[in-house]
Amino acid sequence: MSIEALFKPRSVAVVGASGKPGKIGYAIMKNLIEYGYEGKIYAVNVRGGEIEVSGRKFEVYKTILDVPDEVDMAVIVVPAKFVPQVVEECGKKGVKVLPIISSGFGELGEEGKKVEEQLVETAHKYGMRILGPNIFGVVYTPAKLNATFGPTDVLPGKLALVSQSGALGIALMGWTILEKVGLSALVSIGNKSDLDDADMLDYFENDENTGAILIYMEGVKGGRKFMETAKRVSMKKPIIIIKAGRSERGAKAAASHTGSLAGADSIYTAAFKQSGILRALTIGEAFDWARTLSNLPEPEGENVVILTNGGGIGVMATDAAEEEGLKLYDNLEDLKVFANHMPPFGSYKNPVDLTGMADAKAYEGAVRDALANPNMHAIAVLYCQTAVLDPRDLAKIVIEEYEASGKKKPLVVAIVGGIEAKEAIDMLNEKGIPAYPEPERAIKSLSALYKWHNWKMKHKKE
Ligand code: ACO
């Protein structure tokens with residue numbers, strides 16, 4: 001059963017749609033409209049009548065069976081006790097996929113799990129798939145679909161984000177907007193009664209709009225199937241996982257949060273490694289890596305070049321590169337080209353120190369030369385904010401040079417400084433060029449790309 005309708009539905013019905021601000025059935029309608037979904041939207045509510053959301057009037061159908069058209073996706077936002085009947089009606093209507101927002105199922109215990117199983121049985125009888133229950137919805141930016149009750153303005157990009165936790169997922173949604181992380185999709189999978197992490201990997205593996213996948217999970221359902229799928233997908237796209245419940249007490253908390261059996265943590269670590277999955281321990285680390293992994297091409301070799309205007313950040317980046325096992329390029333014949341872009345007291349040895357005098361012209365020339373040399377396989381551009389060069393001008397230079405080069409090799413940026421530095425970082429991230437406020441974060445993200453690439457190369461040979 002394809003899940004295409006979960007991301008590219010031709011029409012969406014909201015069952016439990018409401019005209020009352022503050023209700024979840026209202027927020028979902030509002031997001032669908034305001035994020036610009038271009039398919040048909042239908043409101044379903046036992047009350048019938050008419051509602052107005054975001055200036056648009058909707059006739060309200062009393063059941064989904066009354067909708068005078070085909071419905072691909074039905075978002076269910078009615079109290080748990082009404083859900084079984086609604087699922088049955090959706091089946092009769094020929095709906096393809098059901099994100100069930102409602103809570104009050106498997107997370108409550110055995111009784112709730114049984115109800116969930118029955119919902120799935122009914123859904124499958126009609127060839128439908130269920131997302132959830134106990135979720136905040138789904139976003140797919142290429143289709144301008146925001147069927148969630150989270151923030152509206154999700155930034156389009158190439159990262160698919162899957163979250164088992166609802167509240168954290170919604171929070172991360174807001175955070176990605178603030179931090180300029182572009183998303184292709186955002187899926188809340190909640191209780192995973194039917195669709196699970198492996199199904200999401202299956203879909204994103206061949207989704208041309210997705211470059212990398214980030215999953216927040218507390219427990220794996222169907223561990224073997226998940227690991228096998230992840231291993232196959234990792235050969236094509238990088239997967240980053242935050243697997244919470246590492247400690248004994250954390251695992252207990254996970255069990256009561258989403259009913260997940262967390263299992264021995266060391267087993268996860270080993271299994272993830274085998275499947276090419278990059279395990280992040282914190283949200284910050286996961287998104288740092290995700291920026292680089294979702295946007296950049298794979299390196300064609302191991303030679304990394306660091307360009308900097310500050311000796312200090314150059315040294316810190318070098319330490320991080322050494323610790324991560326990255327190879328800094330040492331061929332002085334090739335590196336000598338950078339002498340053209342620095343005063344005599346600069347150093348063209350890697351890390352290349354353009355010095356505090358480095359202006360727009362110096363960075364432009366150095367970045368261009370590094371991008372053009374086929375022996376330099378990955379570049380880290382570092383910048384300490386000085387009075388010589390506004391960081392926003394540096395961002396413009398990097399964007400122009402990188403785009404002109406055809407983005408054929410990985411390039412990461414770190415800019416240390418104040419408000420202008422933050423603006424420059426945002427400018428770069430909005431263009432899909434990973435930029436960070438600290439050199440180590442840029443280097444570690446580049447290292448995550450190498451780790452995945454090296455795993456892939458090793459397994460290609462096997
Ligand atoms: N068919 C169609 N509409 C129906 C039906 C039905 N069979 N039964 C009820 N409705 C309508 C009601 O008329 C009501 O409409 P109104 O808003 O115009 O009054 C609407 O459905 C909603 O029903 P209410 O009884 O008002 O329920 P309420 O909106 O308070 O809550 C909800 C419904 C949101 C599904 C709630 O039961 C629930 O499960 N909340 C939790 C959601 C959640 O947190 N999910 C996890 C997200 S992730 C996280 O943790 C943040």
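Which residues are the closest to the ligand? They are K20, K23, N45, R47 and S103, and 24 residues in total surround the ligand, where a residue counts as near if one of its heavy atoms lies within 4 Å. The model is predicted, so to speak of local features requires pLDDT of at least 70, side-chain atom pairs count only at pLDDT 80 or more, and totals for chains, interfaces and linings use all residues. Residues are numbered from 1 along each chain as its sequence is written, and side-chain values use heavy atoms, with hydrogens and water left out.

A polar side-chain atom of K23 is 2.4 Å from a ligand oxygen atom. The side chain of N45 has an N or O atom 2.8 Å from an oxygen atom of the ligand. I135 takes part through its backbone, with an N or O atom 3.5 Å from a ligand nitrogen atom. On its own the ligand has 1000 Å² of accessible area, and the protein covers 74% of that (Shrake-Rupley method, 1.4 Å probe).

Next comes the protein interior. In soluble globular proteins, nonpolar side chains tend to be buried together. A nonpolar core is a set of buried Ala, Val, Leu, Ile, Met, Phe, Trp, Tyr and Cys residues joined through side-chain atoms within 4.5 Å; buried means under 20% relative accessible area, exposed over 50%, and partly exposed in between, with a 1.4 Å probe and protein chains only. The largest such core here has 79 residues, and F338 and L411 have the most contacts inside it. Helix α16, residues 439-461, gives the most to this core, with 7 residues (a helix is a DSSP run of H or I with at least four residues, a strand a run of E with at least two, both numbered from the N terminus). A second, separate core has 55 residues, including A5, V14, I41 and I241.

The backbone has some features to look for as well. Most residues other than glycine have a negative phi, and most peptide bonds are trans. The bond from G132 to P133 is cis, with omega near 0 degrees, and P133 sits in the loop between β7 (129-131) and β8 (137-140). Another cis peptide bond joins N350 and P351, with omega about 5 degrees. K144 has a positive phi near 50 degrees and is partly exposed, at 37% relative accessibility. K192 also has a positive phi, of about 50 degrees, but K192 is buried, with a relative accessible area of 3%.

Notes. Polar contact = N/O pair within 3.5 Å; in protein donor to acceptor, adjacent residues only side chain to side chain.
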